[in-house]
Amino acid sequence: MEEAQLSTGEEVLAHAVELLRNPGVTPPGELRFCVRRLSEALRVAESRGGRMA
């Protein structure tokens, strides 16, 4: 499960980087989507990291 989440996170991050390279043509909704997905991934990672400590 973690491998799939990491893979998805990497894909979303790569997409966000591409969107930010062209800020004038990027729809705001796409940026919000990327930020939301990355925030969720970080929340899950932090939660799992806290349980492992």
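Student: Where does Thr26 lie relative to helix H1 and helix H2?

Tutor: Thr26 lies in the loop between helix H1 (2-21) and helix H2 (28-52). Helices here are DSSP runs of H or I with at least four residues, strands are runs of E with at least two, and both are numbered from the N terminus. The chain has 2 helices and 0 strands. This is a predicted model: local features need pLDDT of at least 70, side-chain atom pairs count only at pLDDT 80 or more, and totals for chains, interfaces and linings use all residues. Residues are numbered from 1 along each chain as its sequence is written, and side-chain values use heavy atoms, with hydrogens and water left out.

Student: Why is Thr26 called buried?

Tutor: Buried means under 20% relative accessible area, exposed over 50%, and partly exposed in between (1.4 Å probe, protein chains only). Thr26 has 10% relative accessibility, so Thr26 counts as buried. Buried residues make up 11% of the 53 residues in the protein chain.

Student: What makes the approach of the Thr26 side chain to the backbone oxygen of Asn22 a polar contact?

Tutor: A polar contact is a pair of N or O atoms within 3.5 Å; within protein, one must be able to donate a hydrogen and the other to accept it, and residues adjacent in sequence count only if both atoms are side-chain atoms. The side chain of Thr26 reaches the backbone oxygen of Asn22 at 2.8 Å. A polar atom of the Thr26 side chain also lies 2.8 Å from the backbone oxygen of Leu19.

Student: Which residues does Thr26 touch, not counting residues up to four places away in sequence?

Tutor: Thr26 touches Leu19 and Leu31 on that count, where contact means heavy atoms within 4.5 Å.

Student: How do you know whether Val12 is buried or exposed?

Tutor: Val12 has a relative accessible area of 11%, so Val12 is buried. Val12 sits in helix H1. Leaving out residues up to four places away in sequence, Val12 touches Cys34, Arg37 and Leu38. Val12 and Cys34 are 22 residues apart in sequence, and their C-alpha atoms are 6.1 Å apart.

Student: Why is Phe33 called partly exposed?

Tutor: Phe33 has a relative accessible area of 38%, so Phe33 falls in the partly exposed class. Phe33 is found in helix H2. The C-alpha atoms of Phe33 and Ala16 are separated by 9.2 Å, and the two residues are 17 apart along the chain.
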